[in-house]
Amino acid sequence: MRPLILALLLVSGGAAAQGPDSTAAILPGCKAHLEGRTDRREAEGICLGRLAVLLSNLDLIGACPPGQPSIRPTLRILVDYMEHRPERWGEPFGRFAAVH
């Protein structure tokens, strides 16, 4: 079941720019969480949920981090990486986050 959930997360949303599952749509919620803002709770929850699924399934994508990474530091790294690659914001968030 875990491989199916992860596969759906990675390919959901297609590659349409600004789609609901695109990095461009989800990134503002990730940034809001890091900034401690409360104006984007739904987007923040979607971002954190997607990231939690990826972190709990790192073994399925061939990643072997030292220990179990925590969400906030990982999110900070991921947001910084994504902000510097706006040409990829049309990609589904899960795919971009998993293969960055």
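Predicted model: local features only at pLDDT ≥ 70, side-chain atom pairs only at ≥ 80, totals over all residues.
Helices H3 and H4 are roughly perpendicular to each other, a label that covers angles of 65 to 115 degrees, with under 35 degrees counted as roughly parallel, over 145 as roughly antiparallel and the rest as oblique. The axes of H3, residues 41-56, and H4, residues 71-83, cross at roughly 105° and come within 11 Å. Axes here are lines fitted to C-alpha atoms, for helices over the stretch in contact, and angles run from 0 to 180 degrees between N-to-C directions.

Residues are numbered from 1 along each chain as its sequence is written, and side-chain values use heavy atoms, with hydrogens and water left out.

Which residues of H3 and H4 meet? From H3 they are Cys-47, Leu-48, Leu-51, Ala-52 and Leu-55, and from H4 they are Ile-71, Thr-74, Leu-75 and Leu-78; contact means heavy atoms within 4.5 Å. This contact comprises eight nonpolar residues, one polar and no charged. Ala, Val, Leu, Ile, Met, Phe, Trp, Tyr, Cys and Pro count as nonpolar, Asp, Glu, Lys and Arg as charged, and the others, Gly among them, as polar.

Consider Leu-51, which lies in H3. Leu-51 is buried, at a relative accessible area of 3%; buried means under 20%, exposed over 50% and partly exposed in between, with a 1.4 Å probe and protein chains only. Setting aside residues up to four places away in sequence, Leu-51 touches Ile-71, Thr-74, Leu-75 and Leu-78. Between Leu-51 and Leu-78 there are 27 residues of sequence separation and 9.6 Å from C-alpha to C-alpha.

I turn to the other partner of H3. Helix H2, residues 23-35, packs against H3 at an angle of about 95°, with the axes 7 Å apart. H2 is therefore roughly perpendicular to H3. On the H2 side the contact involves Ile-26, Gly-29, Cys-30 and His-33, and on the H3 side Ala-43, Glu-44, Ile-46, Cys-47, Leu-48 and Arg-50. Six of these residues are nonpolar, two polar and two charged.

Finally, the chain as a whole. It has five helices and zero strands, where helices are DSSP runs of H or I with at least four residues, strands are runs of E with at least two, and numbering starts from the N terminus. Of its 100 residues, 34% are buried.
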